[in-house]
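Dear colleague,

Please find the structure below, handed over for your records.

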Amino acid sequence: DWFMDLLYIHSCHKTQESLLTSTSGFNNYRGVLNWCVVMLVLSNARLFLENLLRYGVLVDPVQVISLFLNDPYSWPAACLINNFVFLNIHFENHFRMSSGKQKGSFSELVGFLVHCINFALMLTFPAAVVLLVPSVTPVGGAFVLGSYTILFLKLYSYKDVNLWCRELSTVKAKKLSRSLSCPSAQTLNGGDRKVCYPGNLTIRDMYYFVFAPTLCYELNFPRSSTIRMSFLLRRLFEMLFFIQLLVGLTQQWMIPVIQSSMKPLEDMDLSRMTERLLRLAVPNHLLWLIFFYWFFHSSMNFTAELLRFGDRQFYKDWWNSETVTYFWQNWNIPVHKWCLRHFYKPLLRRGFSKIISQSAVFFLSAFFHEYLVSVPLRMFRLWAFTGMMAQLPLAWFVGNFLRGNYGNAAVWMSLIIGQPFAVLMYVHDYYVLHYREEAQ
């Protein structure tokens, strides 16, 4: 008995599963993640060293200026003059429209027609300038069209919210307008007094919304109590650092790969085209991730802190997306909120089905993607439009046939491979249209 007890005490085995078995319950793979990061850094360091040895240093800050100006001595360029002057004209027009409706100066029908004309001009006028003025470069044109697109979405939201306020105040003048505009409390968290309609119709309120990091208008935005200088300076440093990193990596890494891809594309060499696509996938995806952090975290948090804008949820955990739909709902929260509030739900209220409404949202997004790419390049190939509309069948396939990690891997694959494919198509078509005949 003493011997058996001794053997039992010193027993070193028990019933248990291996850690890599799915039923083991083990989920701490932090070391594997660190290993992946180390391997990624080492592999990209090798690629970067190979790039330096083959091409030398290609980073040229002066060349960046030429992306906005054909002639650096003709400052300011026509596109930037149009941008700043006509943006202010649209601000003033929209403010006068909203104020005039509230005062009863003209009917809702007249206001609706004038709004339609104003919105149409906001999209067609800058596009016409970009297409007709030779001095506007593709990058400068994209910057201008992006500014007008953001303004278009903001002012559409501004128009909708004030329309809702007028409708509610007409039905139940005090009760409903107060519930929409401001609750019983009279101050916000930051000490600012709450505003009720039509007290929001001021130039100051409108310009605050135009510069605020959101596309959805409210009469009373959540406000932070103070400006944290340390937080503000960190975001400013990140903005300056990452924009330089983006420019440097584009010049040093992306452009040589794209240039080396022109010959296989012209010869329709499928094997070489696939190899170039995979070579472009890594730098393109890295630049996209850096741009995401620079814009959605650093820049928007900097603007929000400067304006004491309280809602800082500019993105959610899109990297954990197990469906394509979840990705599009969470990687760009300002656009998602605008689409949900001003496009998707209004379509549902008008009797359209969810499938048709979702398809319409993707169609609208596809239109703006193509608008922001094809017009600055002065060519219409519909690659961006097709890529966005292809998200519908991809979302259906991933949502119905892939789950968990497989769905997440499919989302990552669509991001890593889909974007460089569209980049190659546009660059190839742009090269054929503008440079091949000159080279011959």
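The structure holds 41 aromatic pairs, where rings of Phe, Tyr and Trp (its six-membered ring) pair if their centres lie within 6.5 Å, and planes under 30 degrees apart count as stacked, over 60 as edge-to-face and the rest as tilted. One of them is stacked, because the rings of Tyr-158 and Phe-209 have centres 6.5 Å apart and planes at 20 degrees. This pair links distant parts of the chain, with Tyr-158 in helix α6 (residues 138-171) and Phe-209 in helix α8, 51 residues apart; helices are DSSP runs (H or I, at least four residues) numbered from the N terminus. Tyr-158 is buried at 0% relative accessibility, and Phe-209 is buried with a relative accessible area of 0% (buried means under 20% relative accessible area, exposed over 50%, partly exposed in between, with a 1.4 Å probe and protein chains only).

The rings of Phe-292 and Tyr-315 form an edge-to-face pair, since their centres are 5.2 Å apart and their planes at 70 degrees. Phe-292 lies in helix α11 (residues 270-307) and Tyr-315 in the loop between α11 and α12 (324-330), so the pair ties together parts that are 23 residues apart in sequence. Phe-292 is buried, at 7%, whereas Tyr-315 is partly exposed, at 24%.

The model is predicted: local features need pLDDT of at least 70, side-chain atom pairs count only at pLDDT 80 or more, and totals for chains, interfaces and linings use all residues. Residues are numbered from 1 along each chain as its sequence is written, and side-chain values use heavy atoms, with hydrogens and water left out.

Two charges over rings may also be of interest (NZ of Lys or CZ of Arg within 6 Å of the ring centre and within 35 degrees of the ring normal). The charged end of Lys-159 sits over the ring of Tyr-156, 4.3 Å from its centre, and that of Arg-235 over the ring of Phe-231, 4.7 Å from its centre.

Pro-222 is found in the loop between α8 (203-211) and α9 (229-260), and is partly exposed, with a relative accessible area of 39%. Leaving aside residues up to four places away in sequence, Pro-222 touches Arg-308, Phe-309, Gly-310 and Asp-311 (contact means heavy atoms within 4.5 Å). The C-alpha atoms of Pro-222 and Gly-310 are separated by 4.8 Å, although the two residues are 88 apart along the chain.

With kind regards

Note on methods: Helix = DSSP H or I, 4+ residues; strand = E, 2+ residues; numbered from the N terminus.
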